[in-house]
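Let's take a friendly tour of a protein and its ligand.

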Amino acid sequence: MEELLEKIRKEALYEKLPIMDDDGLSFLADFIGDQGITSLLEVGTCIGYSAITLAARNPELVITTLEIDEQRHLRALENVRKAGLEGRIRCICCDSRSWHIDDRFSAILLDGPKAHNRQLLTRYQDNLTEEGWIIVDDVYFHGFLDNPGVIRTRRLRTLVRKFSEFQKELEADPLYECTRLNIGDGLLLAKRGKRT
Ligand SMILES: C[S@@+](CC[C@H](N)C(=O)[O-])C[C@H]1O[C@@H](n2cnc3c(N)ncnc32)[C@H](O)[C@@H]1O
């Protein structure tokens, strides 16, 4: 498994594919075990690196992971097959902004289209079990959130603004108790309270 993961990681780095950094991923794998998280909805599969890592480190974990790009989705399917994890990782090729599922998950990892996290949270938060977790990766977004002055394009500026607004809204939302962690490129952990 380690060899396969190293191969996927090297491929992703060589092709400049955006995968989670190892510090964040390693923390998340432990966190999932510690919290007893057994079902995860991941938005943003890429080629399956995070899903395979998290499933390999947590034998009870079942993952549904969404990817809009067909080539990446197909590569993820192949990597999941090589890892022998087809029984626990379900890869779906779809636009997560319009996809629908009735299942409940004990955690949702938002690692897809950053400008659409608000829309994704609205779409999927009812799929979260009571006291489930919303996990947001890349909260410092390569340092852009703290240094918006260095951003040169309007598109990136809009994306950074929307991502920043989303994080502030989530932290202010009384439904969630949030913790921001300075690990990797930053993680935001939001625990949903009991439904009343
Ligand atoms: C940061 S990468 C995911 C990395 C992956 N979690 C990992 O660490 O191995 C984000 C992925 O989200 C995908 N994506 C972008 N917009 C999407 C959408 N609307 N629905 C589903 N996936 C989307 C991108 O194609 C990209 O592969």
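Here is a short briefing on the ligand site and the overall fold.

This is a predicted model, in which local features need pLDDT of at least 70, side-chain atom pairs count only at pLDDT 80 or more, and totals for chains, interfaces and linings use all residues. Residues are numbered from 1 along each chain as its sequence is written, and side-chain values use heavy atoms, with hydrogens and water left out.

**Around the ligand**
- Of the 20 residues around the ligand, Met20, Gly44, Glu67, Arg72 and Asp111 come nearest (a residue is near if one of its heavy atoms lies within 4 Å).
- By class, this shell holds nine nonpolar, five polar and six charged residues (Asp, Glu, Lys and Arg count as charged; Ala, Val, Leu, Ile, Met, Phe, Trp, Tyr, Cys and Pro as nonpolar; the others, Gly among them, as polar).

**Polar contacts** (pairs of N or O atoms within 3.5 Å)
- Met20 places a backbone N or O atom 2.7 Å from a ligand oxygen atom.
- Arg72 has a polar side-chain atom 2.8 Å from an oxygen atom of the ligand.
- Glu42 has a polar side-chain atom 3.3 Å from a nitrogen atom of the ligand.

**Burial**
- Taken alone, the ligand exposes 600 Å², and the protein buries 90% of that (Shrake-Rupley areas, 1.4 Å probe).

**Fold**
- The protein has six helices and seven strands (DSSP runs of at least four residues, H or I, for helices and at least two, E, for strands, numbered from the N terminus).
- Along the sequence they follow the pattern α-α-β-α-β-α-β-β-α-β-α-β-β.
- The C-alpha trace spans about 45 × 40 × 30 Å along its principal axes.

Methods:
A polar contact is a pair of N or O atoms within 3.5 Å; within protein, one must be able to donate a hydrogen and the other to accept it, and residues adjacent in sequence count only if both atoms are side-chain atoms.
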